[in-house]
Amino acid sequence: MATVTTAPASNPEPRQDPSQLLPSKLAHSRPLFDPQIVRRAVIESLRKLNPVTLAKNPVMFVVEIGAALTTVFLFSDFSGFTLQIAIWLWFTVVFANFAEAMAEARGKAQADTLRKTKTDSLAHRIGRNGALEDVPSSALRSGDIVICEAGEIIPGDGEVVEGIATVDESVITGESAPVIRESGGDRSAVTGGTKVLSDHIRIQITSNPGETFLDRMIALVEGAERQKTPNEIALNILIVGLTLIFLLAVVTLHPFASFSVKQAGAGQAPSVAVLVSLLVCLIPTTIGGLLSAIGIAGMDRVMQHNVLAMSGKAVEAAGDVNSLLLDKTGTITLGNRQAVEFITADGVSEQDLADAAQLSSLADETPEGRSVVVLAKEKYGLRGRHIPEHEATFIPFSAYTRMSGVDFQGRQLRKGATEAIVRFVVERGGRAPSNFQELSDRISRNGGTPLAVADGGRLLGLIHLKDIVKGGMRDRIAQLRRMGIRTVMITGDNPLTAAAIASEAGVDDFLAQATPKDKLEYIKREQAAGRLVAMTGDGTNDAPALAQADVGLAMNTGTMAAKEAGNMVDLDSNPTKLIEVVAIGKQLLITRGALTTFSIANDVAKYFAIIPAMFMATYPELGLLNIMGLHTPQSAVLAAVIFNALIIIALVPLALRGVKYRPLDAAGLLRRNLLIYGVGGLLAPFPGIWVIDQLLTLLHLA
Amino acid sequence: MTPLGLFQIVLYFALILAAAKPMGAFMANVFEGKRTFLHPALRWLETLTYRVCGVREDAEQRWTEYTASLLSFSVFGFLLTYLLQRAQAMLPWNPQGLGAVSPDLSFNTAVSFVTNTNWQAYSGESTMSYLVQMAALTVQNFASAAAGIAIAIALVRGFARQEQKTIGNFWVDVTRATVYVLLPLSFVAALVFCSQGVVQNLSPYTSAVTVEGAKQAIAQGPVASQEAIKELGTNGGGFFNANSSHPFENPTPFTNLFQMFLIFLIPGGLTYTFGRMVKDTRQGWAIFAAFSVMFLAGVFVLYHFEQSGNPILGNLGIERHATAAQAGGNMEGKEVRFGIANSALFATITTDASCGAVNSMHDSFTPIAGLVPLFNIMTGEVIFGGVGAGLYGILLYCIIAVFIAGLMVGRTPEYLGKKIEQKEVKMAMLAIIATAASILVFAGISLAANFAEKGYWNAPGAAIANLNNNGPHGFAEMLYAYVSATGNNGSAFAGINANTPWFNLTLGLAMLIGRFLFLIPLLAAAGSLAAKKRLPVTAGTFPTHGPLFVGLLVGTVVIVGALTFFPALSLGPVVEHFLMNSGRLWS
Amino acid sequence: MWRQILPGLRIKLFMTLALGIGYPLLVTGVSQIAFPYRANGSLIQRADGSVIGSALIGQNFARPEYFQPRPSAAGNDGYDPTSSSGSNYGPTNKKLVDRVKASVDKFRKENPDFTGPIPADLVTASASGLDPHISPASARAQAARVAKARGIPATAVETMIAQAVESPDFGILGEPRVNVLALNLALDRAYPAHR
């Protein structure tokens with residue numbers, strides 16, 4: 001039975017530390033402008049001038065047509081001014097291409113490294129007749145069984161069906177410490193391309209050539225399968241719409257201007273170069289040029305955290321998450337519970353209890369078991385003893401009996417879940433003291449786990465195992481709450497224990513005695529209420545929940561089934577990463593919004609530069625709108641166009657790195673970002689265009 | 001600006017503010033099908049309408065069906081209005097014996113009254129019989145207003161409902177809007193107008209012999225009944241050519257205040273209705289606040305520049321400053337009883353709303369004062385706006401504002417718990433592009449158009465010969481015509497002679513685009529929104545109430561409008577302002 | 001789909017009857033009973049029943065002994081109620097400036113005793129072309145001329161003007177104003193012997 005209870009009201013909000021939620025590895029492993037990457041990007045940005053590829057980006061496509069048009073008119077009517085306009089319009093397109101190429105190049109460089117590891121190795125396949133045959137790894141099909149010896153490369157993705165081995169997975173995870181892979185259980189998955197270091201294992205291959213994890217990873221990193229995310233598509237519609245509106249405004253300006261010229265009897269209608277300049281300055285080239293770079297860079301940033309996102313959509317969804325399902329163990333608490341106290345039953349000496357507890361734990365290699373031995377030694381001076389194996393029968397823990405222990409010198413020493421031990425005692429004619437359940441519950445309520453200890457039919461007492469909440473976890477959860485994200489703790493503990501830890505960690509809700517089915521139900525319930533849910537998981541039985549969740553982060557150590565079900569894989573297998581992925585998702589959306597706002601706000605200043613310049617000859621009085629005091633109509637138009645081109649380059653680092661994300665509530669974030677990118681975008685071009693105009697005049701370029 | 005003038009503006013605003021909640025709550029009850037205090041008196045009329053029209057009160061419609069109903073309603077409205085004009089010479093209640101209205105003018109007028117524009121290329125007292133004024137124009141004033149309200153309510157349902165396929169029933173919404181909101185208020189208002197001197201009769205025009213012995217024919221007609229719905233339904237089509245500046249339409253400052261009150265009464269109230277229906281009245285007040293900011297800014301700019309007057313006339317020895325015994329300022333095209341303040345206020349209100357009634361001639365405003373009405377309409381009339389149209393218009397801007405800035409809180413943008421995605425953005429952009437295109441393209445063509453000798457479409461020569469002014473003001477006159485038609489406003493820089501087949505046709509098309517290519521996308525968005533889940537509000541949700549959002553919304557409206565029309569405006573009112581100050585004239 | 005469309009015709013016909021005939025006739029009936037004078041145009045009649053004009057509609061006065069109304073763009077000769085209209089001249093229109101200049105010159109010639117700046121309303125065309133009012137200042141500017149033409153003391157005319165000034169409605173709405181027709185009729189009544 002799963003119990004869902006809402007945790008008691010949280011404690012006062014802790015002091016805010018803005019840096020805390022920032023992904024710890026945001027400092028890139030590769031410098032942003034790595035020379036090699038830049039070189040690659042420059043070449044690529046020229047190649048992207050091909051109108052066929054550029055047509056996918058309507059805004060820049062319009063700029064390219066404008067640039068081409070201006071260039072063509074150059075032949076019929078040459079002037080230094082038009083030449084400069086044409087050059088800068090081409091630069092505008094190249095700069096936007098460069099941004100995209102930079103973002104892509106980083107992924108491509110990474111993909112190259114991965115591809116190098118994908119050497120075709122020999123596989124020892126067990127043939128139909130049972131004999132070993134050597135085949136190239138590319139010939140392996142799903143269902144084949146292969147044998148891998150120490151020092152060999154694992155030929156394909158699969159499950160260990162027999163044996164245990166240490167494996168070097170640094171190719172994929174970057175982590176050099178070897179990991180253990182063994183048959184059965186949740187650590188049976190192996191990845192093609194990784195290397196067996198010791199022992200030998202028998203592997204059942206689970207993927208066909210070209211569909212391996214490594215293949216998919218290369219494709220993802222390279223961005224080959226990149227599809228526009230829903231939000232990106234919507235934003236694209238917006239900026240294409242704006243482009244159309246400005247196209248209308250500029251095209252119709254021609255009859256408007258002709259009318260004015262005729263009426264005033266002075267000046268002339270603006271030239272094509274000037275109209276194109278106005279158009280290019282007005283359409284949202286900044287966001288149009290950087291939009292795809294932002295998306296690619298967002299994926300890349302997730303990658304820098306050693307998380308492999310299967311789609312951009314998943315990263316975007318991470319920003320929207322309302323509920324974060326966190327496993328208690330390893331995420332909220334330190335993995336290991338520790339024995340902190342022995343509580344005796346009536347009429348039992350502490351010494352007896354400690355002695356029995358230690359004996360029953362001697363063969364228990366879990367951290368909990370070891371901590372019992374240590375506690376008995378430290379508190380009661382009981383030295384760890386060695387029990388010869390043939391004199392004793394060790395009873396391992398099983399989910400069925402929910403207890404473990406040892407049969408030794410005629411004694412049946414057991415420790416385990418209170419109910420299980422009490423049943424054990426009763427079965428042997430003993431009885432539990434009346435206050436025993438109460439003692440046990442008290443431990444639970446304090447967030448501990450009670451372990452009862454019995455010697456045959458005699459109930460000796462309880463061991464208090466304590467869960468240790470990770471340092472700083474409380475603050476992080478409080479920050480998440482401020483961002484509007486509920487945290488839900490998932491645990492196998494009983495409801496009392498869970499409630500106590502939940503309150504200590506400050507989570508909003510918890511799911512106690514959770515089975516995989518409970519998790520799935522919980523997620524469905526949250527989604528029905530309109531919430532987006534993120535979770536981590538590793539076991540095969542987590543797979544349905546991972547698939548159901550909007551963001552499912554599978555651990556790389558987990559099973560293939562889990563990895564298939566989730567939409568992200570954490571190569572470091574660190575469940576806390578989920579929080580960082582959420583932050584990156586938000587950062588991605590914020591960067592898009594910020595640059596869109598900035599781009600649109602920029603237009604105001606450009607109007608003030610170009611419109612007076614256009615009509616100065618017709619209506620000299622319009623010079624009053626030239627509030628920047630730009631020197632000549634030519635210098636004004638040119639300055640606006642140059643500013644428009646340079647701002648794209650200037651914002652490339654921002655697009656690639658993402659705007660600084662602070663875990664504030666929505667109103668705070670909005671106020672801050674509106675001020676920086678909205679008001680800033682309104683004001684920034686004025687001095688910018690003015691400075692360029694000064695330089696142009698100084699250099700006699702206009 | 002005089003203290004009394006400012007006081008009247010504040011008083012007016014206080015009245016609208018005070019009326020918003022009761023009016024809004026009443027309308028929410030009406031459209032949610034609850035009983036109101038009017039039900040005992042009028043429920044029979046509602047059920048009678050359903051029976052006569054074969055409508056089932058409880059049937060719900062999808063957005064496509066809702067749209068089909070709206071279109072059918074509009075098409076039949078158009079046909080009837082067209083036919084009545086064409087046939088008026090053969091029909092009764094035509095004491096002046098006015099002849100049939102020309103086909104192109106009938107088309108233009110029918111479109112105009114179906115789209116709630118009430119652009120008038122004719123002058124009522126010399127063109128339309130009493131029967132047409134009543135049975136065609138007055139009826140369409142009710143119908144187009146009721147349709148506007150219905151659409152707004154349908155869009156609000158899109159936000160209020162979740163995971164539903166339907167958005168209400170058009171026929172029921174229109175009937176309720178008419179029976180409980182428009183009709184009773186119009187009836188009361190019409191009698192108030194009569195009591196102040198607005199005429200209401202079916203008599204022929206009265207012949208008078210003036211004190212100095214000249215003959216004067218005094219126009220008459222069923223004016224009050226049309227006047228009431230003209231303001232209440234933000235239609236704006238005057239019974240007479242001079243509209244609400246005509247002493248028989250708007251005889252006293254009191255009727256003037258009452259007319260202005262009627263214009264904003266429903267649009268102001270609908271903000272509260274909206275808040276009530278989405279179960280968060282703060283959302284409604286935020287929109288009301290955004291309306292108010294833009295409204296007051298417009299009034300004060302307009303008032304300031306009109307009170308400053310025209311320096312060119314000032315140089316002729318004319319008083320420009322207000323004194324206790326005269327209003328000063330720019331009195332060309334204004335009535336003495338309204339002075340500068342009430343003319344400025346009325347002009348702002350009528351163009352904030354898609355009303356288009358005028359109590360002063362916008363064409364004669366000083367340039368920046370003329371820019372205010374022009375810009376108000378260019379925003380899509382989302383400052384209180386037309387009945388229904390203002391609310392659905394501002395909701396479109398809410399979608400855009402939330403979409404752009406909402407990203408900056410790091411979530412997929414959502415408004416009122418509804419995710420704003422592809423479909424909504426696409427529909428909002430479609431509406432904005434359609435209206436911008438209609439204005440800019442038609443104005444551009446008309447400025448360049450040249451007509452052949454003996455052509456049907458217009459007098460031979462350039463279309464700009466139809467303008468009453470030259471230079472930047474002439475440009476503004478042309479621009480205003482298409483802005484007003486597309487914005488379904490109906491006011492004008494009225495010097496333009498728009499009663500030619502060319503202008504009747506293009507302005508008619510502009511009105512159709514402005515109405516239907518604006519609201520059909522919105523209905524589509526309503527359908528898509530209604531089908532979505534409503535997301536819970538968390539600390540991470542973009543807050544759409546409070547000053548920050550109000551500022552953002554106002555900024556979006558102003559910037560979208562300004563960016564689209566900056567070049568046009570700078571060649572019109574802006575440069576004219578500089579020219580006026582330097583004393584340059586255009587013959 | 002026809003189910004959604006057909007009601008359009010039926011509701012339209014029903015509305016035409018109810019709102020296009022029923023509602024205006026109801027308003028007409030009630031107002032004819034309750035406000036017969038106002039509902040019929042606030043007409044002013046002579047003793048013989050012939051109509052002089054409407055209290056709400058301005059009319060032309062050109063003779064010096066009458067207060068003159070504002071310039072009117074309604075009809076060719078001004079003040080034509082079948083053709084209400086403003087001039088629709090923009091502020092930079094030469095025709096506007098010429099017209100105002102002509103009005104100013106004419107006014108200065110006819111009213112040599114008045115030397116101050118001319119009230120704006122007196123030389124500008126109204127919106128309707130039927131404005132029945134002028135500002136109190138505009139009335140006073142003509143006082144000396146009217147008094148001279150009628151051969152009566154200027155103070156008497158000033159008194160008549162003061163009595164004719166309508167304050168803003170409820171003291172706060174609109175502008176103070178003088179109804180030209182009413183003032184001239186009052187003058188004729190008070191000093192009938194001038195002819």
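Q: Why is C:Y79 counted as buried?
A: Buried means under 20% relative accessible area, exposed over 50%, and partly exposed in between, with a 1.4 Å probe and protein chains only. C:Y79 has 4% relative accessibility, so C:Y79 counts as buried. The model is predicted: local features need pLDDT of at least 70 and side-chain atom pairs pLDDT 80 or more, while totals for chains, interfaces and linings use all residues, and side-chain values use heavy atoms, without hydrogens and water. Residues are numbered from 1 along each chain as its sequence is written, with chains lettered from A and ligands numbered from 1 in the order in which they are written.

Q: Where is C:Y79 found?
A: C:Y79 is in the loop between strand 2 (51-54) and helix 4 (94-110) of chain C. Helices (H or I, at least four residues) and strands (E, at least two) are DSSP runs, numbered from the N terminus. The phi of C:Y79 is near 50°, a positive value in a residue other than glycine.

Q: Why is C:N88 called buried?
A: C:N88 has a relative accessible area of 6%, so the term buried applies. C:N88 lies in the loop between strand 2 and helix 4 of chain C, and has a positive phi of about 60° although it is not a glycine.

Q: Why is A:L699 called exposed?
A: Its relative accessible area is 56%, so A:L699 is exposed. A:L699 is in the segment after helix 24 (685-698) of chain A.

Q: What lines the second largest cavity?
A: A cavity is a set of points, on a 1 Å grid over the protein atoms alone, where a 1.4 Å probe fits but cannot get out; lining residues have an atom within 4 Å of a point. Among the residues that line the second largest cavity are B:L45, B:V174, C:F14 and C:M15. Helix 2 (39-53) and helix 7 (170-196) of chain B, together with helix 2 (7-34) of chain C, each give two or more residues to this lining.

Q: How many residues of this lining are nonpolar, polar and charged?
A: The lining of the second largest cavity divides into 9 nonpolar, 3 polar and no charged residues. Ala, Val, Leu, Ile, Met, Phe, Trp, Tyr, Cys and Pro count as nonpolar, Asp, Glu, Lys and Arg as charged, and the others, Gly among them, as polar.

Note on methods
1 Å grid on protein atoms, 1.4 Å probe; cavity = no way out; pocket = protein on both sides within 12 Å on 5 of 7 lines; lining within 4 Å.
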